[in-house]
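Thank you all for coming; I would like to walk slowly through one structure today, starting with side-chain contacts. Please have a look at it first, and then we will begin with a question.

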Amino acid sequence: MRLLSCFFCRWFNFEKLVETFVANNVYFMDVEQLQTVVKMANIIEGDEHFKTMLNFYHDLGMIVKHRNTVILKAQWLIDLFRKLITIPPFDKMV
């Protein structure tokens, strides 16, 4: 994966990183794990920058941040909840 080096492109690189994880079927991560990977990719400069970036992408709906977990593919979480709350038809329950 080629990362862009300009300051304004760093958050775009985060999007590319998330897309790479999702392409490899990684749909959620611990916040600390993600922060380590993002720091190794030289995308962020500090903890406050990382928190701001996570909040921004959470507000956009690209990721879902809840406590110490970051959902990298929101549709995966929606599908999971749908499976939990959907009642199968009676003839398929047996």
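Predicted model: local features only at pLDDT ≥ 70, side-chain atom pairs only at ≥ 80, totals over all residues.

Is R82 exposed, partly exposed or buried? R82 counts as partly exposed, because its relative accessibility is 47%, where buried means under 20% relative accessible area, exposed over 50%, and partly exposed in between, with a 1.4 Å probe and protein chains only.

Residues are numbered from 1 along each chain as its sequence is written, and side-chain values use heavy atoms, with hydrogens and water left out.

Let me stay with R82, whose side chain meets that of D79 in a salt bridge at 3.6 Å, N to O; by salt bridge I mean a side-chain nitrogen of Lys or Arg within 4 Å of a carboxyl oxygen of Asp or Glu. R82 and D79 are three residues apart in helix α4, so about one helical turn separates them; helices (H or I, at least four residues) and strands (E, at least two) are DSSP runs, numbered from the N terminus. D79 is also partly exposed, at 26% relative accessibility.

The count of salt bridges comes to three. Another of them joins R10 and E45, with the closest N and O atoms 3.0 Å apart. Because R10 lies in helix α1 and E45 in the loop between α2 (31-40) and α3, this pair ties together parts that are 35 residues apart in sequence. R10 is buried, with a relative accessible area of 15%, whereas E45 counts as exposed at 57%. There is also a salt bridge between the side chains of K39 and D47, at 3.3 Å from N to O.

Now to the rings. The whole structure holds six aromatic pairs, meaning rings of Phe, Tyr and Trp (its six-membered ring) with centres within 6.5 Å, where planes under 30 degrees apart count as stacked, over 60 as edge-to-face and the rest as tilted. In one of these, W11 and F56 have ring centres 5.3 Å apart and planes at 45°, so the pair is tilted. W11 is in helix α1 (residues 10-23) and F56 in helix α3 (residues 47-60), so parts 45 residues apart in sequence are tied together. F28 and W76, by contrast, form a stacked pair, 5.4 Å centre to centre with 20° between the planes.
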